[in-house]
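Dear colleague,

I am passing on the structure below, and after it you will find my notes on what came out of the analysis. Please read them with the coordinates open beside you.

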Amino acid sequence: MRRTTNGVRVDHQPGATGDARQQPGPARRRLYLSVTVKFVVAQVFALGWLGLSVRLSLPWVRELAAAITTVPALLVVCLVAYLPGWLVAFLAVSLVLDRQPPLRRSHPTIPVTVLVAARNEADRIQETISYIARQDYLGPIEVLVVDNGSTDGTQAVAEAYGAATGQRVRCIGEPRAGKSHALNTGLAAVGTQLVITLDADTLLHTAAIRQLVARLLQAVAGSVLVRNSRDNLWTRMQEWDYFLGIASVKRMQGLYQGTLVAQGAFSLYRTKALRAAGGWPDAIGEDIVLTWRLMRQGARIYYEPAAVAFTAAPARLVHLARQRARWARGMIEGIRSVKPWAQPRWLLRFLTAIDLLIPALDVAYALVWLPGLLLAATGRYWIVGPYTLAVLPLTLVVNAILYRFQRRRVFNLLGLRVRRNILGFLGFVLTYQMLMSPIAVVGYGQELLGLRRRWK
């Protein structure tokens, strides 16, 4: 049977949604490398790349120093070339070394609650629940919808659809506006050991819950992809951002057992751990702050790329800008809530410390690299030139590594097909970051100034 899931082509065949990692086959011996060894190997390569970059860029540094003096020149080169190159090299080697262990169990049956916070989602909630009802999960699933002050009959639609289909749906109300209030009210009503958070506009692949629970430890972030990628150029670029950019960072962090965001759109938690962490904070990045608090408690946060959900990405630039500004603010909230040096494991301290660098890199990109690009157009290669462009091939290598993994180990496993989206890919590689960094800088400024929160 062949069908299309909101633009993503899905071919279902007998066993197509089975777990390929659990299929019998000839045993192959692989050299085991611990997480620590992989980290050291990735760092050695990244530092080697950094050393080569420094040596090759000395003429560029001298030329720039002649124009703006030595200290500013070194600062500029560090922010627009050295640090980004080191991070991309570390990411690339980490992805090459990443070998996910077998799933803990192929067909778990632990009862699960799917927690959906909904506000005026009457036109979407039925479709969301219908995809939950189609799961191939063998254990009991309860859908707990928290109606966050809806005025369009969201609760009635959810209850009626559950009764008509036999899917267990329970609805409760939370009149206080705010997603954190709705999620915490739902958390208090959860009666299972495991809880999955799901956005009301996010649709689950048939095997999503099974794959997520099979990877269970303390918390597992699912893989979120774009369901409306054919709307326009903005959603086409976001398709590649979710498919390659966000997924690559999450895979790297998951390798080191510290995925920094178990996103509220689709993630699995142990109910007991959530309650011990105090639930979701009243923050614009509530899922980020919660994840960092869980890690401070000793939780190892994993990422399961084969647990796939499809979300509706912003189709207008203004909405995309507000979303990414919220994400930037959420990262600052996470750093403020749990300082990187307060994390219990040294790998977590390293991963969270990277977030201290990201704002500086975004500011440098927006205020230094982009003006440098304009200067290069006039023949002045003081900032943007051959040395800065050397990072581009490494970025393409990272994208190629992840694309191969996503296609072979995720999409083929789940019976999905990657559609052609060349225009979106070119926009993602060539222009996307030029937009995202300035937007992120705006978000950092909003958070530091304590400006009013805006979700949509």
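**Notes on the model**

At 49% relative accessibility, Thr69 counts as partly exposed, because that class covers the values between under 20%, which is buried, and over 50%, which is exposed. Please keep in mind throughout that this is a predicted model.

Thr69 sits in the loop between α2 (58–68) and α3 (70–97), and its backbone has a positive phi of about 75 degrees although the residue is not a glycine. A second residue of this kind is Gln257, which is likewise not a glycine and has a positive phi, near 60 degrees. Gln257 is placed in the loop between α8 (233–255) and β9 (266–270), and with a relative accessible area of 14% Gln257 is buried.

As for the protein as a whole, 15 helices and ten strands were assigned. The radius of gyration is 23 Å, close to the 23 Å that the globule rule gives for 456 residues, so the protein is as compact as a globular protein of that length. Along the principal axes, the C-alpha trace spans about 75 × 60 × 45 Å. Of the 456 residues, 54% are buried, and among the contacts with a separation of 6 or more, 85% are accounted for by residues 24 or more positions apart.

The protein exposes about 20400 Å², of which carbon and sulfur atoms supply 61%. There are 54 positive and 26 negative side chains, and the centres of these two sets lie 8 Å apart.

Three further residues, each within a helix or a strand, are described in turn.

Glu333 belongs to helix α11, which runs over residues 317–337, and its relative accessibility of 10% means that this residue counts as buried.

Leu361 lies in helix α12, residues 346–377, and is buried, with a relative accessible area of 14%. When residues up to four places away in sequence are not counted, Leu361 touches Leu79, Leu83, Pro84 and Leu87. Its C-alpha atom is separated by 9.8 Å from that of Val441, although Leu361 and Val441 are 80 residues apart along the chain.

Ala309 is part of strand β10, residues 301–311, and is buried, with a relative accessible area of 0%. With residues up to four places away in sequence again left out, Ala309 touches Thr202, Leu203, Leu204, Ser223, Val224, Leu225 and Phe266. The C-alpha atoms of Ala309 and Tyr82, by contrast, are separated by 36 Å, and these two residues are 227 residues apart along the chain.

With kind regards

Conventions. Residues numbered from 1 in each chain as written. Predicted model: local features only at pLDDT ≥ 70, side-chain atom pairs only at ≥ 80, totals over all residues. Heavy atoms only, no water. Helix = DSSP H or I, 4+ residues; strand = E, 2+ residues; numbered from the N terminus. Rg over C-alpha atoms; globule rule 2.2 N^0.38 Å. Buried < 20%, exposed > 50% of the residue type's maximum accessible area, 1.4 Å probe, protein only. Contact = heavy atoms within 4.5 Å. Areas by Shrake-Rupley, 256 points an atom, 1.4 Å probe, with all protein chains shown as cover. Lys, Arg positive; Asp, Glu negative; His and termini not counted. Charge placed at Lys NZ, Arg CZ, Asp CG, Glu CD.
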